[in-house]
Amino acid sequence: MNPHTDVPPTPPARPGGRTGTGPTLTELAGERASGALLCEAGTVYLSEGRVVHAESPVAPGIDVLLTTGGRLTAETWREAVGHTDGPGGVGRFLVDTGRLSDAELEICHLGALFDAAYFALGTGTGPRGFQRDAAHWLGPVRPVGADAVERETRRRGRLLDDLWPCPQVDTAPVVLRSPDPRSPAVTRRQRAVLELADGVRTPADIARCLGRPAFHTLIDIRRLAAAGHVETPRPQATAPPARSPGPGAVVWPDTVPDTVFADPGIDLLRRLRDALEATL
């Protein structure tokens, strides 16, 4: 978290249905509100109803994209932070001193904004509240309409599902597997992801190590999962609710193994599922 952030990113909101307690982005845009929309998976900053920045613990910030990504040195970034006293000073310092052009700052800022907004608005349980008049330390670079942000968030969710409809790979540690020899060859970008897949790092960890947007990393990982280069975690099975025995029901002793009463049809379906997953 950057020390100049007025509202810290919240710990890791879901496209579509609203289950949070705070106002929606659309409502705030209609009110031309300024402040920070606090979501379960991040924070979206507005100025007069337009989105000026977004942060999420899942998405690398603009500082990581610029430094780890290789455009700036860490020393240059620290210098910019040290020369600013209020919102907007970091970006302005980098441009005024020739470290970045206006276009470079704008492109990187928009990349970080849409990246973090996808996680803040597209996952979790929805907005939790709104802190009026809170401002992001970077200051406005190029405000974006709330409708464009929401439209892009939905588009990104559909894109991931079209690539490989298994959202478990987005958050689980990335585990390598031996692909089928007929699987497509990996690209240079994907190879960099695979080199960091150690069974411990999550996609967010890999994105941060590479200095790349987290959503772009998810695209690579979903494609790699679809091609069989990384494991697809199995969804967590939920136990059915316990049923109380009806009148006159026979209650068997606890020592009787559950397999004695297993439904053979369900057991067959499980074996078929495991066999299909093994071939993916």
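**Entry 1. Terms and provenance**

I take a salt bridge to be a side-chain nitrogen of Lys or Arg within 4 Å of a carboxyl oxygen of Asp or Glu. By this rule I count 15 salt bridges.

I note that the model is predicted, that local features need pLDDT of at least 70 and side-chain atom pairs pLDDT 80 or more, and that totals for chains, interfaces and linings use all residues. Residues are numbered from 1 along each chain as its sequence is written, and side-chain values use heavy atoms, with hydrogens and water left out.

**Entry 2. Confidence**

I looked up pLDDT, the predictor's confidence in each residue, from 0 to 100. The protein averages 81, and 75% of the residues score at least 70. I assign helices (H or I, at least four residues) and strands (E, at least two) as DSSP runs, numbered from the N terminus. Confidence is highest in helix 8, at 98, and lowest in helix 10 (residues 264–279), at a mean of 45.

**Entry 3. Overall composition**

I find 10 helices and five strands in the protein. The accessible surface, from the Shrake-Rupley method with a 1.4 Å probe and, for residues, only the protein chains shown as cover, comes to about 15,700 Å². Carbon and sulfur atoms account for 55% of this surface. I call a residue buried under 20% relative accessible area, exposed over 50%, and partly exposed in between (1.4 Å probe, protein chains only). Of the 280 residues, 41% are buried.

I treat two strands as paired if DSSP finds at least two bridges between them. Strand 1 (residues 35–39) runs antiparallel to strand 2 over five bridges, and a hairpin with two residues joins strand 1 to strand 2. In this pairing Cys 39 stands opposite Gly 42.

Strand 2 also pairs with strand 3 (residues 50–55), again in the antiparallel sense and over five bridges. Here Thr 43 is opposite Glu 55. The hairpin of strand 2 and strand 3 has two residues between the strands, and Glu 48 takes a positive phi near 55° there.

I asked why strand 2 (residues 42–47) is largely enclosed by the rest of the structure.

**Entry 4. Nonpolar cores**

I define a nonpolar core as a set of buried Ala, Val, Leu, Ile, Met, Phe, Trp, Tyr and Cys residues joined through side-chain atoms within 4.5 Å. The largest has 29 residues, of which Leu 25, Leu 37, Val 44, Leu 121 and Val 149 touch the most other members. Among the elements that each supply at least two residues of this core are helix 1 (25–30), strand 2, helix 5 (102–122) and helix 6 (146–163). Helix 5 gives the most, with nine residues. A second, separate core has 17 residues, including Ala 80, Leu 100, Leu 105 and Leu 138.

**Entry 5. Arg 212**

Arg 212 is in the loop between helix 8 (203–210) and helix 9 (214–226). Leaving out residues up to four places away in sequence, its contacts include Pro 60, Leu 65, Arg 189, Thr 217 and Asp 220.

**Entry 6. Individual salt bridges**

Glu 79 and Arg 99 meet through their side chains in a salt bridge (2.7 Å, N to O). Glu 79 lies in helix 3 (residues 74–82) and Arg 99 in the loop between helix 4 (89–96) and helix 5, so the pair ties together parts 20 residues apart in sequence. Glu 79 is partly exposed, with a relative accessible area of 30%, and Arg 99 is partly exposed at 25%.

Asp 102 forms a salt bridge with Arg 92, their closest N and O atoms being 3.3 Å apart. This pair links helix 5, which holds Asp 102, to helix 4, which holds Arg 92, across 10 residues. I record relative accessibilities of 46% for Asp 102 and 41% for Arg 92. Arg 92, Asp 96 and Asp 102 are linked in a network of salt bridges.

Asp 198 forms a salt bridge with Arg 201, with 3.2 Å between the closest N and O atoms. Asp 198 is partly exposed at 43% relative accessibility, and Arg 201 is partly exposed at 26%.

Key: Contact means heavy atoms within 4.5 Å.
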